[in-house]
Amino acid sequence: MRLLILAALLCAVVSSALAIDTAPAFDDPAMQARYDHLIHELRCVQCRSQSIADSNVGLAADLRRQVRELMAAGKSDREILEYMTDRYGDYILYTPPVKPSTWLLWSAPVLLVLIGGIAAAIVISRKSRLPADDLVEEDRTHDDPGVS
Amino acid sequence: MIVELGHFALILAFCLALPQAFFGLAGAKTHRPHWLLVANRAVAGQFVFTALAFACLSWAFYVNDFSVLYVAQNSNSQLPTFYRFAAVWGAHEGSLLLWLLILSGWTLAVLACSRTLPYAMTGRVLGVLGLISAGFALFILTTSSPFTRLLPAALDGRDLNPLLQDPALAIHPPMLYTGYVGLSVPFAFAVAAMLEGKLDSAWARWVRPWAIMAWLFLTIGIALGSWWAYYELGWGGWWFWDSVENASFMPWLIGTALIHSLAVTEKRGLFKSWTLLLSITAFALALLGTFLVRSGVIESVHAFASDPKRGVFILAFLAICVGGALGLYAWRAPRFRSNAGFAAISRESFLLLNNVLLVAATAMILLGTLYPVFLDALDLGKISVGAPWFTVMFLIPMLPMLLLLAPGMHAEWKKASFTRTARLLGWLLAAAIVAGIGVMSAAYGLHSVVSSVGIIAGLWVAFSALIEPVSRLRKGHTLSASVLGMCVAHFGLAMFVVGATTVESYKQETDLSLRPGQTAHHAGFDFTMTQVRNVTGPNYDAVETEIAIARDGRQVALLHPQKRTYRVQTSPMTEAGIDVRWNRDIFVAMGEALGDGAWSLRLQYKPLIRFVWLGAFVIALGGLICVFDRRYRQRVPVEAAVTVDGASGARAR
Amino acid sequence: MWRFLIPAGLFAALVAFFYFSLGRDKETLPSPLIGKPAPAFELPRLDDPSKNIGGKDFAGRPYVLNVWGTWCVGCRQEHPVLLQIAERGEIPIVGIDWKDDREQALRWLHELGNPYVDVGSDEEGRVAIDWGVYGAPETFLIDGNGQVIYKHIAPMTMEVWEREFVPLIRKAGTQR
């Protein structure tokens with residue numbers, strides 16, 4: 001356990017030395033764009049906090065090679081990502097998969113805005129029925145009728 | 001000897017925090033103003049002794065005293081002197097001492113500025129701050145003392161993590177902590193108000209400058225961290241939605257909501273219990289961040305070495321502090337109701353929406369950060385939530401907020417009629433659309449609907465932020481610091497939005513290999529490697545390549561990226577070469593040596609990236625301007641100053 | 001009135017959740033291979049690269065697969081334990097030398113002892129990826145039907161062996 005922490009820390013330092021392919025992987029710009037997208041979607045499982053695009057460790061380079069080979073073999077993006085999750089689990093994906101255990105995660109932002117919006121609407125409708133009597137201000141700033 | 005003196009000073013500081021808490025709170029409760037004098041002395045004493053403890057630790061670093069475990073773990077005789085001072089807060093124990101020092105500094109500041117406050121309020125605020133200080137000091141003394149000796153002493157230290165050997169280390173953590181810790185002041189005010197059972201516009205007026213000050217330091221701290229990561233980590237990213245970054249961003253979002261909510265409470269006495277809740281939440285999130293980073297609950301490259309024992313202590317502290325405050329809230333908040341109202345379209349409702357969206361964004365980030373831990377605890381598998389999810393999801397509450405900002409800034413209190421500004425806002429929106437689509441596509445090409453909307457929203461906010469200052473100056477009206485600060489801050493936000501959207505939509509990256517004499521083309525520039533040479537630094541050895549960058553035949557920049565190996569930790573590190581202009585960065589980082597003098601390089605073109613940090617600093621500047629508004633510096637005679645014979649009387653209400 | 005208790009309630013739940021997750025192991029990734037057929041592999045032998053060794057060589061009986069390398073500190077740490085286990089002779093240990101230098105690996109085994117019945121040389125790391133290896137040392141337990149039934153990440157200790165592997169091996173043995 002401690003070793004893993006040390007490994008992770010070491011990764012953090014080692015991997016600040018850049019992971020760079022020596023040349024664009026594909027001549028075809030569309031393939032290259034797909035490749036760039038894929039390697040930014042896969043987490044470096046050894047280094048944890050970087051994608052395999054940015055990590056310099058051996059495993060990241062091996063995984064990049066694997067992505068290149070799978071792409072050259074004509075696999076689709078989904079198949080390539082499935083290949084990776086079959087071996088490493090969902091953790092390797094930067095974007096979490098959409099499955100029952102992550103429905104809450106994916107729906108949360110919209111739900112939160114909706115709930116917030118409803119709460120705001122309730123408050124506003126209540127407040128708009130009340131008289132707009134003011135509290136006595138201890139100091140009125142006369143030059144700011146409308147602002148701040 | 002000096003180290004033991006420092007340790008003793010820390011113990012004294014802890015001991016002084018206790019009477020500060022007791023006499024402050026009890027003095028307020030039992031209407032004994034003279035007890036407050038004791039509390040005041042304790043505040044000063046606590047600051048002196050904490051500073052002394054910190055100075056002793058710094059001394060140990062300065063003289064390379066490797067018989068101190070913390071120094072041996074984080075310093076080295078070859079470490080340049082400047083970094084030796086910064087290394088004091090380079091790891092867990094020292095950074096907590098910095099935390100405590102900053103807390104005692106804020107407490108002293110509150111005391112110094114408390115002459116216009118009723119003594120009971122001051123007493124309670126100082127009392128609460130004393131409790132927090134005591135808890136932290138106890139934590140340091142029992143689980144994380146930086147003064148522990150290492151015997152026999154190490155011959156030399158393990159050196160500071162090379163990633164931290166940078167001038168930014170001297171300033172990023174202090175700024176960040178000043179912000180984090182500063183949020184304890186609104187928290188203390190909130191607890192004080194709840195204890196007293198009274199909350200009014202005056203209270204909001206007292207709290208608001210403190211909230212803004214803490215928030216602006218947090219803004220600067222986060223911006224510095226982002227800037228530092230950008231040039232130090234070598235791959236050109238400026239925000240990674242890393243758990244620790246999120247831990248600092250969440251208090252910032254709530255802090256923003258707080259200063260806006262305080263505006264409503266100050267002006268109209270509304271949203272009182274909501275403002276209380278925000279004050280508590282902001283500090284709770286700051287404490288939560290401290291917990292997350294040091295307990296091992298979440299994994300992050302930023303995290304300090306984790307130790308469940310420390311985790312339990314901080315969690316207990318968090319539970320008592322925040323749990324206590326929330327319990328108070330449940331008890332007292334129902335009485336803080338107001339029967340004033342406002343129209344459906346009014347400044348108040350815009351600010352309400354602002355708050356709702358900011359809180360939604362914060363909750364969403366919290367969920368994303370903790371979800372993997374949540375699933376893992378329920379044995380539902382191990383997932384990771386990375387930047388792609390956060391970036392997309394963050395836009396859901398934020399884009400609407402940006403679009404509401406321009407009209408919201410100009411809405412009047414109680415009922416917005418937009419008499420002066422409706423048409424102008426319309427024209428400015430049109431201008432923003434033209435500039436957003438027209439100018440941007442001419443400069444960079446069109447990218448996507450979302451990025452265009454983002455840029456248009458940002459430009460609209462920028463233009464409309466200028467309405468008030470320009471119109472007032474033209475008419476010769478006074479422009480109060482509050483109004484000016486608000487406009488400046490919103491303008492800064494617009495700069496940030498335009499910068500962030502542009503750089504993420506239009507950046508261009510490529511990896512390639514170059515050998516001396518070779519030229520490559522990327523993003524309209526020519527990159528030529530002119531030479532490779534070895535360089536020796538104070539505690540590292542490096543290979544440096546010289547890259548000449550030209551455009552249309554004219555040289556634009558000469559960069560010197562390095563690949564360093566720090567001698568003590570033998571870890572390799574990239575120092576990127578960056579050419580900075582107001583409208584773009586060119587970023588070159590070295591990868592691996594490929595033989596024959598050839599090197600793999602990552603080249604990046606980053607348009608408008610400087611606006612990201614410039615925008616953040618302008619936001620902070622706006623906050624600073626606000627704080628100096630006249631109304632916060634008034635000497636309104638509230639109650640008689642505390643006199644030795646305790647003549648002032650504040651009867652129970 | 002009761003809505004003012006909601007923040008406190010939510011907070012209490014959060015604290016409880018944190019308390020529960022303190023000290024839980026965050027590092028190890030659960031292997032998606034557990035309960036699935038072991039990935040087929042074929043690698044050149046470490047001692048004789050002209051010959052191959054593969055999963056089919058062990059079909060029909062349980063075996064342990066250990067991924068290691070001479071560059072790996074933890075592998076060195078666990079090596080004596082592996083020797084002990086090998087000596088017991090209950091189950092064969094197959095080694096996969098991951099991303100390593102062949103000469104160094106042979107020397108290592110020569111100096112420290114060889115607990116493996118066979119070692120495959122995975123210089124390119126392809127087999128390791130198939131097995132979902134991310135940090136050596138990793139040790140897999142495969143049963144007689146060729147299914148992966150356990151994976152241990154981090155250096156092997158006798159305690160882990162007795163507690164986790166032995167009961168599963170016994171069960172796998174009786175199932176045949």
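Guide: A salt bridge is a side-chain nitrogen of Lys or Arg within 4 Å of a carboxyl oxygen of Asp or Glu. By this rule, 3 salt bridges are found across the interface of chain C and chain A, among them the one that C:Arg126 forms with A:Glu69, whose closest N and O atoms are 2.6 Å apart. This is a predicted model, in which local features need pLDDT of at least 70 and side-chain atom pairs count only at pLDDT 80 or more, while totals for chains, interfaces and linings use all residues. Residues are numbered from 1 along each chain as its sequence is written, chains are lettered from A and ligands numbered from 1 in the order in which they are written, and side-chain values use heavy atoms, with hydrogens and water left out.

Visitor: What is the area buried between chain C and chain A?

Guide: The size of an interface is often given as the accessible area lost when the parts come together. Here buried area (accessible area with a 1.4 Å probe, summed over both parts) is about 1800 Å² between chain C and chain A, with carbon and sulfur atoms giving 58% of it. In contact, meaning heavy atoms within 4.5 Å, are 21 residues of chain C and 21 residues of chain A.

Visitor: In what order do the 5 strands of the open sheet in chain C lie?

Guide: Strands are DSSP runs of E, at least two residues long, numbered from the N terminus, and two of them pair if DSSP finds at least two bridges between them. The order in chain C is E5-E4-E3-E6-E7, with mixed pairing. Strands E5 (118-122) and E7 (148-153) of chain C stand at the edges with a single partner strand each, so one side of each is left without a neighbour in the sheet. E7(C) pairs with strand E6 (residues 138-142) of chain C in the antiparallel sense over 5 bridges, and C:Glu138 stands opposite C:Ile153 in E7(C).

Note on methods: Helices (H or I, at least four residues) and strands (E, at least two) are DSSP runs, numbered from the N terminus. Buried area is the accessible area (1.4 Å probe) that two parts lose on being put together, summed over both.
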